[in-house]
Amino acid sequence: MKIGIVCYPTFGGSGVVATELGMALANKGHEVHFITSKHPVRLGLLSKNIHFHEVFVEEYPVFHYQPYELALSTKLVEVVSTYSLEILHVHYAIPHAYAAYMAKQMLLKRGIDVKVVTTLHGTDITLVGSHPTYRAAVEFSINNSDFVTAVSNDLKKDTLRLFNIDVPIHVIYNFIDFKQYPRIKDGDCSRSALAADNEKIITHVSNMRSVKRPLDVVEVFYQIQKEIPSKLLLVGEGPEIEKVEYRVKELGIYEKVIFLGNSNDVYKVLCYSDLFILPSINESFGLAALEAMAANTPVISTNTGGIPEVNIHGKTGFLSDLGNVNEMAANAIHLLKNEKLHNQFKENAQIQAREFSMDKILPLYEEAYRSIAVGCC
Ligand code: GMT
């Protein structure tokens with residue numbers, strides 16, 4: 001099939017999922033066109049089936065805000081008609097689903113019926129989308145998509161609670177490409193560069209926004225390192241990082257915390273890790289936790305949003321109420337001190353992650369595309 005993918009090209013989970021999905025579809029022989037404001041960070045172009053189209057917004061002094069949606073919908077019209085795309089798969093409702101709707105209407109006037117698939121990722125519903133500033137437009141774009149997916153049952157529930165939705169929402173979980181993980185085992189995992197043999201490595205990966213509660217990560221680690229020699233690896237950049245640095249210095253643990261910034265090699269970092277911490281206020285899914293589990297890393301997390309659909313309490317990690325850093329630390333220490341239990345959790349984590357392997361999830365998207373394609377059924 002010929003598929004257009006629209007997403008945020010940055011390090012956010014929705015962009016990562018969209019990019020991995022597009023690359024996997026291209027590997028299966030589909031023609032995939034990425035239509036984004038910048039080259040997506042995880043996108044490799046080494047496939048004859050992958051095309052990239054940049055959405056360019058002309059700066060003009062009259063505009064207080066540059067009209068990205070207009071530029072995007074114009075670009076969508078151009079790409080769909082030039083390459084005869086059958087499907088536009090937009091990730092993140094704002095403004096992508098809205099721009100796709102506009103493009104669809106313009107294309108219909110030209111006799112072209114492109115089908116729009118909207119995937120809801122979380123913050124587009126729970127944090128931003130339901131705000132009165134955007135609510136009507138988000139609701140309208142969801143209701144006028146040809147196929148709507150949400151990345152967890154919890155996000156589907158939130159969407160139905162926050163909006164008046166009159167179309168079915170199909171849950172298609174996020175996925176992981178296990179082909180990336182064997183590479184680690186081929187001798188790439190030299191943890192000695194980061195920690196001594198007797199030290200445990202605790203990891204947190206996020207965009208360091210307040211919804212991720214990176215300060216809770218520091219509080220949990222502070223308690224862990226008092227009991228167990230350990231290092232904390234922080235991967236990602238974002239607005240909370242300065243506060244995190246300040247707190248780490250204040251607690252006198254600066255030499256035990258390694259700030260790695262943004263990374264494309266998350267899977268390498270995860271192969272060093274003994275434990276992953278995800279104390280978020282909310283996660284529609286928690287892709288970072290899944291990536292950790294795929295690399296045999298148990299997860300200490302909150303029990304919010306869709307996280308319990310991924311991280312299983314007492315099996316692949318432990319879940320606690322939001323902000324209960326004492327319990328999170330106690331669970332982490334319990335696991336790290338008990339080698340047999342820790343090894344069991346590591347194994348369980350990988351087994352559970354395999355439920356979300358790309359081989360299982362990709363056909364669900366292909367099935368969705370086929371079910372709405374023009375001429376289908
Ligand atoms: O979590 C973020 O800050 C980024 C955000 C995004 O849209 O890129 O992530 C959301 O989508 C991910 C991929 O589907 C999910 O794994 C994250 O849980 C979700 N984030 C939230 O719900 C806060």
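Let's start with a pair of helices: α8 passes α9 in a right-handed crossing. Keep in mind as you look that this is a predicted model.

The axes of α8 (residues 214–227) and α9 (residues 241–250) come within 9 Å and cross at roughly 20°. Angles under 35 degrees count as roughly parallel, so α8 is roughly parallel to α9. Which residues of α8 meet α9? They are Pro214, Leu215, Val218 and Glu219, and on the α9 side you will find Lys243, Val244, Arg247 and Val248.

Strands of a sheet pair through backbone hydrogen bonds, either parallel or antiparallel. Here, seven strands form an open sheet with parallel pairing, and their order is β3-β2-β1-β4-β5-β6-β7. Because β3 (50–54) and β7 (169–171) stand at the edges with a single partner strand each, one side of each has no neighbour in the sheet. On average, neighbouring strands are turned by 25° against each other, direction ignored.

For a look at one pair, find β4 (residues 87–91) and β5 (residues 115–120), which are joined in the parallel sense over five bridges. Within this pair, Leu88 stands opposite Val116 in β5.

| Helix | Strands touched | Angle between directions |
|---|---|---|
| α3 (residues 96–109) | β1 (2–6), β4 and β5 | about 160° with β4 |
| α6 (residues 153–162) | β5, β6 (147–150) and β7 | about 160° with β7 |

Notes
Residues numbered from 1 in each chain as written. Predicted model: local features only at pLDDT ≥ 70, side-chain atom pairs only at ≥ 80, totals over all residues. Heavy atoms only, no water. Pairing = 2+ DSSP bridges. Helix = DSSP H or I, 4+ residues; strand = E, 2+ residues; numbered from the N terminus. Axes fitted to C-alpha atoms, helices over the stretch in contact; angles between N-to-C directions. Contact = heavy atoms within 4.5 Å. Parallel < 35°, antiparallel > 145°, perpendicular 65-115°, else oblique. Left-handed = near helix turned anticlockwise from the far one by under 90°.
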